[in-house]
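This report describes one protein model, from its overall make-up to a few selected parts. Please look at the sequence and the structure first.

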Amino acid sequence: MSRNTCRIINCLKTQTCVNFHSVYWLQSCQAVKRVRASPCIAHSLQRTCVSKPMPEEQRGVDPALYTPPAGVRGMTNLDREAFTWKVNIPALRFPKEATSKLMTSLKRVALQRPGLKRVVDDGADASYKLLLLDPVSVSSTDSFCNAETEALAKFGVPLELQPYELQLTYDNLKSEEVLRAVLPAGQDVTSGFSRVGHIAHLNLREHQLPFKNLIGQVIMDKNPGLTCVVNKTNTIDSTYRNFQMEVLAGDGNMVAKVRENGVVYEFDFSKVYWNPRLSTEHSRVVGLLQPGDTVLDIFAGVGPFAIPAARRGCRVLANDLNPESHRWLLHNCKLNKVDQKVQAFNLDGRAFIRGPLKEELLALLGGTATVHIVMNLPALALEFLDAFRGLLDQCQSPNTGSLPQVHCYGFSKQDDPHKDVMDRASASLGVPLEGRCSVHLVRNVAPNKEMMCVSFTLPNEVIFSSNSAEDGSPEEPAPKRQKCEDATD
Ligand SMILES: C[S@@+](CC[C@H](N)C(=O)[O-])C[C@H]1O[C@@H](n2cnc3c(N)ncnc32)[C@H](O)[C@@H]1O
């Protein structure tokens, strides 16, 4: 699969809230599928979707139609009243009793603006109504297809367009339309954001910063359920992978409640890592587990692998270095009633591997339960794999039972991200993984940056290696190995 195809698929799979251009792009993709499915639908879509997937100015439609008064340009404090103006649009006059049937037949050409009625009273005659039409789809009566013309005749509606003066307000605008009218002309208007419970999380660019509070307010107004909008103020390079953020609009409450794959999580979004775009990945990995398995989650965050795994009947050891993540992990275990099945630790990953994880492996290695080790810290996890070298003594090898399955994440900027993460995992483990691992593309994180997951059975020669990562030089005998040999000699 080409790098671009991977990206497109991942964009479709993982984007929760997308920007204006992507929305049209997605619509056109859906339209294409439907066109293939039905030649009849194809005709209508050619007018409603396929031929108009792009923003208005790019598809030859008068952009002034839905453009608020020029006076709003440059506004930094939101004045909603200033977004009021009138447009002339086509309408169909029809007998009141035909309303619902006509609406059903002509749904696709009726005006669709946020908050606008599509049918209004005809002021001149109470027994008639006016169906407001989308001027983009209907420029003249020729715009109607045969089926529509027939439907109009059937309901006694004259094929005649009436001019209608419509007052548009702030409420009838989409957020990108408001922002496009306010921000400097020609500059990019990003209305895309990630949503975490009641919090919208933006990543504004330099030219948008003078308008940041207005942008925050507009996003909040236009998205029901949002009560707080924040802007990221650093790149995500902190140890705990959380963002620095500033509140742009709303109550500033950072304690979010989200539901992912049927599990509820609560956490302080300003202090822990949470990414709504990982929900598919969490579900994919949890889908590999069987009741009775043991899961050892080294970088557990607030529990999006650990808690569903416990709910699936697995025993779980979950660790995170961030004391806040650890606190919310404990909270979420209780919230989801799995606190008896999850043991939580607040250790550095290496200390966890060499402590609780090792103890657990020693207890389980001779048994039948499958052990899964999850390592989701893509910036660093591949480098942590060396901690498994020589983790157990040869004399502790039970000769039965299966070795742990590792699911380790990594970012890649290479042309072949699959090979890149496999090679880096191999280097860290000290053994080649080629032919004995699978590599999964999780998502496209940024242009030329992929998040990958490499899964493999932890090789016998790694876990019982005589060269532990702690030993430094591979020439030196490992103290534990020595001890073991001493004991058996
Ligand atoms: C990318 S987040 C993943 C969290 C969670 N597993 C998820 O899928 O959402 C990585 C987590 O690793 C934790 N972390 C960072 N460095 C660590 C370390 N050295 N040892 C243990 N945890 C660490 C961070 O606090 C963060 O919660």
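The protein has 15 helices and 17 strands. The model is predicted, not determined by experiment. Of the 489 residues, 36% count as buried. Among contacts between residues at least 6 apart in sequence, 66% join residues at least 24 apart.

Strands of a sheet pair through backbone hydrogen bonds, and the pairing is either parallel or antiparallel.

Asp121 stands opposite Lys129 in strand 3. Elsewhere, strand 6 (residues 199-202) and strand 7 pair in the parallel sense over four bridges. In that pair, Ala200 stands opposite Val229 in strand 7.

The table sets out the two pairs.

| Strand pair | Sense | Bridges |
|---|---|---|
| Strand 6 and strand 7 | parallel | four bridges |

Why is helix 6 (residues 175-182) described as largely enclosed by the rest of the structure? Seven of its eight residues are buried, so helix 6 is largely enclosed. A residue counts as buried if 20 or more other C-beta atoms lie within 10 Å of its own. The buried residues of helix 6 are Ser175, Glu177, Val178, Leu179, Arg180, Ala181 and Val182. These buried residues pack against helix 7 (212-222).

**Around the ligand**

Which residues come nearest to the ligand? Of the 20 residues around the ligand, they are Phe299, Gly301, Leu321, Asn322 and Gly349. By class, the shell has nine nonpolar, eight polar and three charged residues. The shell draws at least three residues from each of two domains, domain 2 (178-258) and domain 3 (278-488).

Terms used
Residues are numbered from 1 along each chain as its sequence is written. This is a predicted model: local features need pLDDT of at least 70, side-chain atom pairs count only at pLDDT 80 or more; totals for chains, interfaces and linings use all residues. A residue is near a molecule or strand if its C-beta atom, placed from the backbone, lies within 6 Å of it. Ala, Val, Leu, Ile, Met, Phe, Trp, Tyr, Cys and Pro count as nonpolar, Asp, Glu, Lys and Arg as charged, and the others, Gly among them, as polar. Domain bounds come from an automatic or database domain assignment. Two strands pair if DSSP finds at least two bridges between them. Helices (H or I, at least four residues) and strands (E, at least two) are DSSP runs, numbered from the N terminus. A residue is buried if 20 or more other C-beta atoms lie within 10 Å of its own, exposed if 12 or fewer, and partly exposed in between; C-beta atoms are placed from the backbone. Two residues are in contact if their C-beta atoms, placed from the backbone, lie within 7 Å.
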